[in-house]
Amino acid sequence: MVVLSVPAEVTVILLDIEGTTTPIAFVKDILFPYIKENVKEYLQTHWEEEECQQDVSLLRKQAEEDSHLDGVVPIPAVPENGADDLQQTIQAVVDNVCWQMSLDRKTTALKQLQGHMWKAAFAAGRMKAEFFEDVVPAVRKWREAGMKVYIYSSGSVEAQKLLFGHSTEGNILELVDGHFDTKIGHKVESESYRKIANSIGCSTNNILFLTDVTLEASAAEEAAVHVAVVVRPGNAGLTDDEKAYYSLISSFSELCLPSST
Ligand SMILES: CSCCC(=O)C(=O)COP(=O)(O)O
Ligand SMILES: [Mg+2]
């Protein structure tokens with residue numbers, strides 16, 4: 001088995017979700033289709049609720065920021081009266097969400113609405129999150145060895161907690177010391193990793209970040225975070241240069257902690 005030695009200064013392991021702890025297929029074939037199939041009905045049912053109105057406001061603000069992009073769907077202000085106007089606004093929100101999802105955008109606005117929509121499906125037991133089989137045993141081992149384990153995903157913190165709280169392995173939320181999402185910054189920006197270190201109360205070089213996306217690995221590395229790129233079935237391929245440059249693992253069991261060397 002290939003072994004990657006974790007540097008002695010590492011005390012925190014920071015995990016991406018999609019393509020790292022969890023198959024991309026679970027996200028693309030289960031989580032995302034649920035949104036596309038249910039977003040219209042969700043908006044119609046929850047429209048008057050404060051949480052839904054906040055989600056729509058954030059999406060409208062995002063659409064304004066995106067106005068220079070091809071295909072963006074603007075979201076008109078909430079109509080004063082008229083059921084037809086309301087249906088038109090709801091349809092604009094639906095079209096905006098579908099447009100963002102067609103580009104796999106990672107905007108906070110989209111991710112917040114998605115998290116709120118998944119809540120009911122997870123709570124009702126209609127969905128259970130999948131984790132690669134090496135993930136839970138490895139995380140338990142790391143924690144027993146004194147490592148802190150944090151999550152950093154574009155999925156909202158609320159959505160992350162749904163996944164860890166309702167998985168095929170049961171409720172595994174207790175295995176995580178904390179969660180970060182795009183509210184701290186985007187995963188391809190190095191400043192986000194400095195802010196995460198600051199929030200945890202450690203130096204960036206105390207963190208090892210595991211991700212499937214080399215743009216994220218590169219941003220983290222620029223902030224002096226240690227990185228390893230995770231190669232999983234279904235992940236996007238890496239170039240020969242990326243394969244040569246990054247430390248690669250295909251299972252969390254390949255990580256060898258300082259104390260176990
Ligand atoms: C709570 S994860 C839901 C999946 C998701 O929405 C997503 O964008 C995953 O992005 P990641 O940063 O984990 O690759
Ligand atoms: Mg990922």
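The shell around ligand 1 divides into six nonpolar, five polar and five charged residues. Here Ala, Val, Leu, Ile, Met, Phe, Trp, Tyr, Cys and Pro count as nonpolar, Asp, Glu, Lys and Arg as charged, and the others, Gly among them, as polar. This is a predicted model: local features need pLDDT of at least 70, side-chain atom pairs count only at pLDDT 80 or more, and totals for chains, interfaces and linings use all residues. Residues are numbered from 1 along each chain as its sequence is written, chains are lettered from A and ligands numbered from 1 in the order in which they are written, and side-chain values use heavy atoms, with hydrogens and water left out.

**Shell and pocket**
- Around ligand 1 stand 16 residues, with Asp16, Lys111, Ser153, Ser154 and Lys187 the closest (near means a heavy atom within 4 Å).
- At least two shell residues come from each of α1 (24-46), α4 (108-123) and α6 (157-165) (helices, H or I, have at least four residues and strands, E, at least two, as DSSP runs numbered from the N terminus).
- Ligand 1 takes up the space of the largest pocket. On a 1 Å grid over the protein atoms alone, a pocket is an open set of points where a 1.4 Å probe fits, with protein on both sides within 12 Å along at least five of seven lines; lining residues have an atom within 4 Å of a point. A molecule sits in a pocket if more than half of its atoms lie within 2 Å of its grid points.

**Polar contacts** (N or O pairs within 3.5 Å)
- Lysine 187 places a polar side-chain atom 2.5 Å from an oxygen atom of ligand 1.
- For lysine 106, the distance from a polar side-chain atom to a ligand 1 oxygen atom is 2.9 Å.
- Glutamate 18 uses a polar backbone atom, 3.0 Å from an oxygen atom of ligand 1.
- Of the 390 Å² of accessible area that ligand 1 has on its own, the protein covers 98% (Shrake-Rupley method, 1.4 Å probe).

**UniProt annotations** (these may be inferred rather than shown by experiment)
- The unreviewed entry marks Asp16, Glu18 and Asp212 as "binding site". They spread over 197 residues of sequence, yet their largest C-alpha distance is 8.0 Å. The lining of the largest pocket includes Asp16, Glu18 and Asp212.
- Glutamate 18 sits in the loop between β2 (12-15) and α1.
- UniProt also lists Ser153, Ser154 and Lys187 under "binding site" (unreviewed entry). These span 35 residues of sequence, with a largest C-alpha distance of 7.7 Å. Ser153, Ser154 and Lys187 are included in the lining of the largest pocket.
- Serine 153 lies in the loop between β3 (148-152) and α6.

Conventions: Polar contact = N/O pair within 3.5 Å; in protein donor to acceptor, adjacent residues only side chain to side chain.
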